[in-house]
Amino acid sequence: MTEKRVYTFGNGKAEGKADMRNLLGGKGANLAEMNLIGVPVPPGFTITTDVCNEYFEKGKESVVALLSDDVKASVHHIETLMNSKFGDVENPLLVSVRSGARASMPGMMDTILNLGLNDKVVEGLAKKTGNERFAYDSYRRFVQMYGDVVLGMKPVNKEDIDPFEAIIQKVKAVRNITLDNEMTVDELKQLVKLFKEAIKKQTGKEFPDDPMEQLWGAICAVFDSWMNERAILYRKMEGIPAEWGTAVTVMAMVFGNMGQTSATGVCFSRDAATGENCFNGEYLVNAQGEDVVAGIRTPQQITKARSIEWAKQQGISEEERISKYPSMEEAMPEIYAQLNALQEKLEHHYHDMQDMEFTVQEGKLWFLQTRNGKRTGTAMVKIAMDLLREGEIDEKTALKRCEPNKLDELLHPIFDKNALKTAKVLTRGLPASPGAACGQIVFFADDAAKWHDDGKRVIMVRIETSPEDLAGMAAAEGIVTARGGMTSHAAVVARGMGKCCVSGAGALNIDYKARTVEIDGVMLKEGDYLSINGSTGEIYLGEVKTKPAEVTGDFASLMDLCNKYTKLVVRTNADTPHDAAVARNFGAVGIGLCRTEHMFFENEKIKAMREMILSDTVEGREKALAKLLPYQKQDFYGILKAMDGYPVNIRLLDPPLHEFVPHDLEGQQIMAKEMGITVQEIQQRVNCLSEHNPMLGHRGCRLGNTYPEITAMQTRAILGAAVQLKKEGFDPKPEIMVPLIGIVNEFDMQEKVIRETAKEIFEEEGIEIAFRVGTMIEIPRAALTADHIAAKAEYFSFGTNDLTQMTFGYSRDDIASFLPVYLDKKILNVDPFQVLDQNGVGQLVKMAVEKGRATRPELVCGICGEHGGEPSSVKFCHKVGLNYVSCSPFRVPIARLAAAQAAIMHTDK
């Protein structure tokens, strides 16, 4: 804990700087940095993230006492620079109170603007500015925000609209007006009175008049918001530790709602959805910041080019656009020129795309925030590769800038062009976050989460979204809003999540109570299907067919760059030629796990398999295996051909036999007829195969050692397919893997069968194939005795799913009953079946590699569990010297990027 708890900034000076984001949060650090490089920023101070942790450890009263003197001194610092006084009736200073963690969490925590107003101060503000309307507009905004954030004035039911909005709508309805800026001073005064009465009635709390009491209430509310439901959920989704905490920044207010020469906006130095190098953003004249992101008023575009594009999408004529919705470039050319110059300066300074908030107060431009902007996976790759080409960053930085898991977004299906030709377009909104999504309509976040848990695909349809909708947005395939622009809450959060989103679809008439949405005469209800195109903004009726994505352009360039730096290669887990081909197209250089059991479940194959299992003699089993042999050979032929020239690691039969036998009467009757025995005999044999703990029972190499004829048949199928391919001019590279060994003797027996069968085949065919025999290390004893096993096994493949299961003693099938509790109570930080346990399971892997290579220095080692596609696990695999990781086809690019990043981290040390 640092002793200094508060850092000031203002007038070109700052006690902090950009590299202090861990202490000051992203917002506080960047505000300090902007001061130091000459960007106009209102003065203020930042309370550190360490204080947030103190707040939850020591309690509110202790922390207020600790901060009291520093906060008073820092408020005086702002007063001096702004030449005004906090709480003064004649020359009042107002402030904003904002959150700011070290990792960007847009909209997840709370902000309060216009703090310092009361019934007397608002009169002084009106007199000082000569603008009574502005003063009371600021006051009603403050009461509304403070009432919500600090005093807890929220909707009672999910179907209800915000209680403050309900009051505003009633006041507007008297004169039949629609926009907030159409309200008169008297109506704004009426709102303040009605707001305070409603707060008292619903919460039982009086609205505080004392500005210092207001300030402490806001500071503590921001700290409290670090532990609100949506912030906790967002941190879980993004992997942000709770102990990081949030900073609190208090800044002098600058006002975008002082009339027609004032404005507020959000802008991006590049397109956050596509990555295009194009300055863009939205602004509103005579408004405050929350108006832009809340989506209540439709904002205007900053650049003329985007404004023209927007008008076309909305079906608005050029004449109407110029008169009603001019761009800032046209309406405020001098301010636009300053803004454009500063956004370029900030991008060059940070060498990354910037997301900026600004306010124009009576013709003067102020910056309120800059941060590295949230972006889609597509934009992430394009921006990194463009900045590399522009000379802003080097190759290693370009690779480190890309988050492996976000590549998943580029691999999602896209709409089939032929299907789009016949699809019915209901309406069009703004293309807020690209992608194709299809699902059933839901209107509420909790319903979206529940339907998703029930296995349904959903599209969340809202008038506008708020941070409370985060869980539903995470569960939905896509999001549609009736209000809001490209910088609204829905758009920004959806882009950060990589979710498809269409915002500002004004034709949507949503009735939350009836759970219906009417779109240009078409009435849809909850549960009806909708398809949305986040790249064009189009909304389609029903389900539209999709097709797989392709690796092209900047994505392909990024993958090429990965190849330049990576040491750890990536294979795939594939059981079919199709999966093998998909993975190969994504850059896989072999198969790390081909599961033979998945091949047995087709109709004729399963009959022969069941006949083999249910036979009680060697002769009977061999007869059934002879039927299976051609099927198995054909399967391996297809996979080896698809991976021609690359190694294919084929695991011999692994699961317990009871998984293949018929447990239903109809299936048992079919098998009795096939085998010419009674149903009772079939049932007796099925019952004999039943085990109390099958995952630790008669499976893996134990099957092959009990029934060596199974191993012989599979070996014959694998090598027979390879021989055929070699004769046809291909280059097959089979690897035969013995599963689940715990003692070297188990491997010896299986290897003997494999080698003898291979010798027979090669003699019969008059041709030899180079192949290797290895084993799967998935039992702790195998890891402990790896030096003995490596004397015989030519390679190790770590099956980290079972290794995790046996090391922890957790059943993978049953962990769901206690895992949520373990995660909540911090007994576990992550699910060990998703993220490799480096301190336990990882140490067994490390030990096995070291022991194995002490015996066989050239020993090839890989990993084929689900962890093979998880970025932090991939980086661990690089660290302990594995040769490859293997993962599902669509995780291959993710693993390739993580492997390249691991190599860079290792060489940069």
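A: Two strands count as paired when DSSP finds at least two bridges between them. The model described here is predicted. With that rule, strand 21 and strand 22 (residues 516-519) are paired: four bridges join them, and the two strands run antiparallel. One of the residues involved is I510, whose bridge partner in strand 22 is V517.

This pair belongs to an open sheet of three strands, with the order 21-22-23 and antiparallel pairing. Strand 21 (508-511) and strand 23 (522-525) are the edge strands, and each of them pairs on one side only. On average, neighbouring strands of this sheet are turned by 20 degrees against each other, if direction is ignored. In general, strands of a sheet pair through backbone hydrogen bonds, and the pairing is either parallel or antiparallel.

Another open sheet has five strands, in the order 11-10-9-12-13, and its pairing is antiparallel. Strand 11 (300-301) and strand 13 (364-372) are at its edges with a single partner strand each, so one side of each has no neighbour in the sheet. The partner of strand 13 is strand 12 (residues 354-361), and eight bridges connect these antiparallel strands. Within this pairing, T359 stands opposite W366 of strand 13.

Next come two helices. Packed helices are in general described by the angle between their axes and the distance between the axes. For helix 4 (residues 119-129) and helix 5 (residues 132-149), the angle is about 145 degrees and the axes are 8 Å apart. The crossing of helix 4 with helix 5 is right-handed. Helix 4 contributes D119, V122, E123, L125, A126 and T129 to the contact, while helix 5 contributes E132, F134, A135, Y136 and Y139. Sorted by class, the residues of this contact are seven nonpolar, one polar and three charged.

Helix 32 has the largest share of the lining, with four residues.

Note on methods
Residues numbered from 1 in each chain as written. Predicted model: local features only at pLDDT ≥ 70, side-chain atom pairs only at ≥ 80, totals over all residues. Heavy atoms only, no water. Axes fitted to C-alpha atoms, helices over the stretch in contact; angles between N-to-C directions. Left-handed = near helix turned anticlockwise from the far one by under 90°. Contact = heavy atoms within 4.5 Å. Nonpolar A, V, L, I, M, F, W, Y, C, P; charged D, E, K, R; others polar.
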